Amino acid sequence: MTGPVTGATGEAARVTGKETIGPYTLLRVAAGTIEAGVPGQFFMLHPPGHVLPRPMSLCFAEAGELCFLIDPIGPGTRTLCDLSAGDALHVLGPLGNGFDLTVAHPLIVGGGIGVAPFPFVARALGGPPAILGFRSAHHAEAAALVPGAEVVLDPVLVTSLLPDDPMDVLACGPEPMLEAVRRRVPRAQLAWEAPMGCGYGACYGCVVEVDGRLQRLCVAGPVLRAA
Ligand SMILES: Cc1cc2nc3c(=O)[nH]c(=O)nc-3n(C[C@H](O)[C@H](O)[C@H](O)COP(=O)(O)OP(=O)(O)OC[C@H]3O[C@@H](n4cnc5c(N)ncnc54)[C@H](O)[C@@H]3O)c2cc1C
Ligand code: FES
């Protein structure tokens with residue numbers, strides 16, 4: 001079924017498997033006719049039994065599967081992490097604007113579950129430099145998804161590793177980290193988060209202020225230029 005947004009497909013999909021990576025779950029879903037899209041775009045995954053779907057970045061796609069790295073922080077994400085091979089769930093995407101990968105000197109900067117879109121980015125760019133920050137060594141197990149990444153643990157901040165000439169930063173992580181990157185690198189591409197009801201501009205649940213104007217993050221973003 002074609003979705004409400006150009007290029008997006010909504011489909012009843014099947015879980016094909018899952019892996020535990022530190023505190024996170026890597027959920028594998030049969031792609032069917034759904035395209036992977038551009039790294040940094042997102043998908044709305046509908047946890048069975050819940051009213052609303054939840055936005056998730058695509059972690060990577062391979063062998064007919066879409067893979068999502070999920071942090072079980074609340075009821076919806078916990079239901080998604082509890083799914084097993086063969087279970088059905090509705091998937092809509094790809095949605096929103098992803099990273100512009102046509103940059104000269106990319107540098108991945110991720111914090112916590114913000115690592116989620118970067119395996120896809122790293123594969124697309126052939127392994128660019130990456131710096132990732134995590135709360136603990138247990139959380140940092142997810143860094144293995146981005147081979148060659150430099151990893152720091154709390155209390156060291158990932159921004160302390162930003163080089164003096166911070167290149168073309170692609171960042172995803174908690175809001176204070178994005179704000180710190182924005183201050184250091186005015187041209188950085190930042191993947192923001194907001195609670196989302198629909199994912200394609202219909203519910204206005206994700207309105208945020210961008211450049212002094214209220215905009216729907218699902219349509220204007222989630223990746224925005226810092227400046
Ligand atoms: C574009 C986009 C991509 C995302 N990609 C991923 C991903 O790859 N992996 C992943 O684990 N999570 C991702 N998230 C976040 C994920 O969608 C939320 O954690 C999830 O919707 C929470 O649902 P819940 O029912 O488990 O918890 P809820 O009960 O809805 O939320 C638990 C707590 O988190 C807060 N919260 C919920 N959603 C958000 C949000 N989007 N931003 C800030 N605070 C929030 C709530 O206010 C509450 O305090 C993404 C979000 C966006 C917008
Ligand atoms: S999530 Fe519905 S308008 Fe953005």
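This short talk walks through the pockets, the ligand and a few backbone details of one structure.

Please keep in mind that this is a predicted model, in which local features need pLDDT of at least 70, side-chain atom pairs count only at pLDDT 80 or more, and totals for chains, interfaces and linings use all residues. Residues are numbered from 1 along each chain as its sequence is written, chains are lettered from A and ligands numbered from 1 in the order in which they are written, and side-chain values use heavy atoms, with hydrogens and water left out.

Let me begin with empty space. Rolling a probe the size of a water molecule over the atoms shows where such space is left. A pocket here is an open set of points, on a 1 Å grid over the protein atoms alone, where a 1.4 Å probe fits and where protein lies on both sides within 12 Å along at least five of seven lines; lining residues have an atom within 4 Å of a point. Its volume is the space filled by probe spheres set on the points, which are joined across faces, edges and corners.

The largest pocket has a volume of about 700 Å³, and of the 29 residues lining it, Pro55, Met56, Thr77, Glu193 and Ala194 are the closest to its centre. Strand S4 (54-57), strand S6 (65-70) and helix H1 (75-82) are the elements that each give two or more residues to this lining, where helices (H or I, at least four residues) and strands (E, at least two) are DSSP runs numbered from the N terminus. The largest share, four residues, comes from S4. Where does the largest pocket lie? Domain 1 (9-94) and domain 2 (106-225) both give residues to its lining, so the pocket lies between them; the domain bounds come from an automatic or database domain assignment.

The second largest pocket holds about 540 Å³ of space, and Gly111, Gly112, Gly173, Pro174 and Met177 are the closest to its centre among the 24 residues that line it. Helix H3 (175-184) and strand S9 (130-134) each give two or more residues to that lining, and H3 gives the most, with five.

Now to ligand 1, which has 20 residues around it, with Pro55, Leu69, Asp71, Gly76 and Thr77 coming nearest; a residue counts as near if one of its heavy atoms lies within 4 Å.

Finally, some backbone details. Most residues other than glycine have a negative phi, and most peptide bonds are trans. Which form does the peptide bond from Gly93 to Pro94 take? That bond is cis, with omega near 0°, and Pro94 lies in strand S7 (residues 88-95). Asp154 and Pro155 are also joined by a cis peptide bond, with omega about 10°, and Pro155 sits in the loop between strand S10 (150-153) and strand S11 (168-172). Ala63 has a positive phi, near 45°, and lies in the loop between strand S5 (60-62) and S6.
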